[in-house]
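Hello,

Here is the structure I promised to hand over. Please open it first, then read the notes below.

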Amino acid sequence: MADGSGHPDRFDTFKQVLTDSPLLVNGFDRQGRCVLWNHECERLFGWAFDELSRHPDPLALMYPDDVVRQAVKDSFLAPAGSRFREWAPLTRQGRPLPSLWVNIALPDGELICIGHDISEQKKAETQLQLAARVFECSYEGILITDADNRIIKANPAVSLVTGYSTEELLGRTPALFASGRHSADFFAAMWHSLNTGDHWRGEIWNRSKSGEIYPQLLAISALRNREGRISHYVAVFSDISQLKADAAELEQIAQYDALTGIPNRRLLADRLLQAMARSKRLGSQLAVCYLDLDGFKQVNDEHGHPAGDQLLIEISHRLRHILRQYDTLARLGGDEFVLLFAELQHSTDMEPILSRVLEAVAAPVELADGQARVSASIGVTFYPHDDSNADLLLQHADQALYSAKQNGKNCYRFYDPCQQEEQLNRHHQLKALEQALHNQEFVLYYQPKVDLLNGQVIGLEALIRWQHPQQGLLVPAAFLYQLTGSRLEWGLGQWVIESVLHQIDEWQRQGLDMTVSLNISADHLLQPEFAEQLDLALQRYPLVSPASLELEFQEIAAIRQLEQVTQVLEHCHRLGVQIALDNFGTGLSALSFLRHLPLDILKLDHSFVSDMLTNDEDLSLVSSVLHLARTFHHPVVAEGVESPELGAMLLQLGCRFAQGYGIAEPMPAGQVPAWIDNWHNKGLWADLKTRFGPGQAINSHE
């Protein structure tokens with residue numbers, strides 16, 4: 001092609017100029033064939049010029065939709081120099097390429113198309129639109145201020161939380177929300193964090209337009225310009241009033257007795273440790289008193305449980321009036337109480353106080369249907385004269401209580417830590433236990449744990465027995481308490497772990513895959529080499545999955561050394577072993593333990609479960625404990641299920657997993673496979689579902 005003057009065609013001239021252009025440049029003749037396709041087009045679209053020049057309709061590759069392709073072709077007829085049009089031709093990979101195009105028509109009918117890739121601009125627009133949408137729709141309040149802390153932007157959530165409209169906020173400073181609860185030091189620390197680290201996060205009390213003071217969770221970020229100077233502040237906050245209320249309710253449930261409102265076992269643990277520390281610091285004595293009501297069962301039998309509850313409330317009220325500033329009254333459950341009397345100079349100071357306690361309890365109580373009388377038996381031990389840990393102090397007071405019961409009740413007795421006869425007797429018993437371990441007289445029995453909803457056997461608990469040569473088969477309560485704090489406790493505990501792993505391995509070889517739990521005492525768990533020895537034991541059984549082993553420990557194990565217990569359990573968790581908190585609901589731990597300990601399972605104590613069909617208080621406790629467990633997302637296994645009725649009630653309360661004599665008694669390992677087959681064949685659990693009335697449902701959260 002030539003222009004008539006002997007010079008190359010102008011289209012060829014354009015091709016020379018535009019081939020290396022950073023813009024997208026292509027050209028088409030009157031038949032729609034591609035006559036120009038520069039390097040930038042090749043790079044972004046993926047087609048080479050040779051491919052397109054041979055294609056009869058190259059536009060069909062980039063615009064497969066007939067309607068869109070025709071619109072593109074129609075744009076070719078637009079006058080030269082017309083405005084840019086936005087198209088999204090497809091690349092070779094089928095990806096749309098947003099771009100702006102303008103057409104230049106040559107006199108001979110050929111067309112030059114010049115385009116610009118706007119993909120990044122489109123992404124930026126999308127991000128800006130998304131950010132604006134998030135800003136408007138966020139449930140959290142978002143405030144933006146300038147460098148002088150003047151509000152320049154607020155999303156709708158700010159108005160919902162504070163009560164101020166956007167118009168009322170613009171130009172004001174966040175000082176408008178000040179509650180007056182925080183000191184100048186608080187705000188000085190906040191600004192120091194913002195000026196040095198560009199960020200601050202924490203809880204703050206602010207005031208709404210109505211004057212209500214409420215807690216906020218607030219995060220502030222300082223934004224800097226290119227010169228490094230702060231240009232804006234962005235604050236994101238939420239009203240956490242409901243969270244605070246829920247936390248307070250959970251703490252109330254966890255630390256206070258539901259019936260009397262006085263501290264329960266958990267809060268007692270904290271108070272006892274504090275009182276012990278204060279006693280050492282001041283050089284004073286602390287009296288730990290274990291109190292049990294004499295004749296309380298008769299009140300329940302004669303007047304009913306509501307009357308018994310009324311009596312407990314009245315007794316608690318009377319005892320609280322005897323306490324001083326640093327004293328504590330706690331209810332352990334049933335008719336058992338603990339009183340802590342602090343800052344005593346001499347043990348004789350307790351005698352008049354204990355006399356007043358006995359008098360207060362013995363005074364008649366007016367009930368709805370008459371009058372009732374009970375008395376109290378009290379066991380007392382003194383710290384630091386009895387220089388024991390918190391758990392043993394309670395045990396010693398309980399032993400003294402037993403002595404008071406033996407001496408006619410309605411009296412108090414003091415624990416004597418120097419009782420040589422008792423110590424000598426324990427020494428002989430430890431010797432007998434050591435010999436029993438050496439002679440292989442200990443055996444393990446296994447009690448199944450099942451899913452009441454579908455009948456699945458979810459595991460077994462290993463329970464130790466002593467096959468005594470003269471006394472026959474002895475249960476743990478007959479001998480295990482003697483091991484507490486002794487070196488034999490470690491040896492027997494290691495034997496249990498080894499025996500359980502061996503049994504799991506043997507069952508697996510028989511085709512029975514079961515998770516087995518075992519109990520670990522506090523002193524055993526706190527041995528420095530516990531986790532390492534557990535790892536070595538697991539290595540000796542390579543076919544046994546660590547998840548098949550479950551360690552059960554009681555809350556008392558974590559009271560003395562929470563940090564150390566947490567580290568040991570986390571180490572075990574990393575090995576793959578499961579962790580269960582035993583006797584949940586009766587221990588002495590604080591609610592914070594559930595937040596920090598690496599737990600897989602909670603075991604609901606049988607003392608709550610066994611009487612919940614006849615005792616509204618126990619039923620309420622079980623419901624509260626299950627609610628607490630669900631809050632922390634821990635499955636619960638209920639112990640002490642002695643009847644189908646208890647199983648049905650547990651299902652109704654949302655607890656699927658259970659064990660107890662109503663399901664199966666502990667049995668030797670050899671009987672387990674046959675029992676499982678029989679359990680599945682009989683389908684006894686299926687009857688539980690028929691015990692639900694209309695509208696009732698099983699909570700399968702666990």
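Please keep in mind that this is a predicted model.

**The hairpin and its neighbours**

Strand β7 covers residues 151-154 and runs antiparallel to β6, with three bridges joining the two. Leu 143 has Ala 154 in β7 as its bridge partner. Together β6 and β7 make a hairpin, with four residues between them. Look at Asn 149 in the turn: its phi is positive, about 70°.

β6 also pairs with β10. That pairing is antiparallel too and spans six bridges.

What classes of residue make up the lining? There are 16 nonpolar residues, five polar ones and no charged ones.

**The open sheet**

Next, a sheet of five strands. The order is β2-β1-β5-β4-β3, the sheet is open, and the pairing is antiparallel. β2 (34-37) and β3 (85-87) stand at the edges. Each has a single partner strand, so one side of each lacks a neighbour in the sheet. On average, neighbouring strands are turned by 30° against each other, direction ignored.

Within this sheet, look at β4 (residues 99-105) and β5 (residues 111-117). They pair in the antiparallel sense over seven bridges. Val 102 stands opposite Ile 114 in β5.

A helix packs on this sheet: α5, residues 66-76. It touches β1 (24-28), β3, β4 and β5. The direction of α5 makes about 150° with that of β3.

**Two crossing helices**

Last, find α11 (residues 265-282) and α15 (residues 390-406). How do their axes cross? They come within 10 Å and cross at roughly 100°. The two helices are therefore roughly perpendicular to each other. On the α11 side, the contact is made by Leu 268, Leu 272, Leu 273 and Met 276. These meet Ala 390, Leu 393 and Leu 394 in α15. By class, this contact has seven nonpolar residues, no polar ones and no charged ones.

Over to you.

Best wishes

Key:
Residues are numbered from 1 along each chain as its sequence is written. This is a predicted model: local features need pLDDT of at least 70, side-chain atom pairs count only at pLDDT 80 or more; totals for chains, interfaces and linings use all residues. Side-chain values use heavy atoms; hydrogens and water are left out. Ala, Val, Leu, Ile, Met, Phe, Trp, Tyr, Cys and Pro count as nonpolar, Asp, Glu, Lys and Arg as charged, and the others, Gly among them, as polar. Two strands pair if DSSP finds at least two bridges between them. Axes are lines fitted to C-alpha atoms, for helices over the stretch in contact, and angles run from 0 to 180 degrees between N-to-C directions. Contact means heavy atoms within 4.5 Å. Angles under 35 degrees count as roughly parallel, over 145 as roughly antiparallel, 65 to 115 as roughly perpendicular and the rest as oblique.
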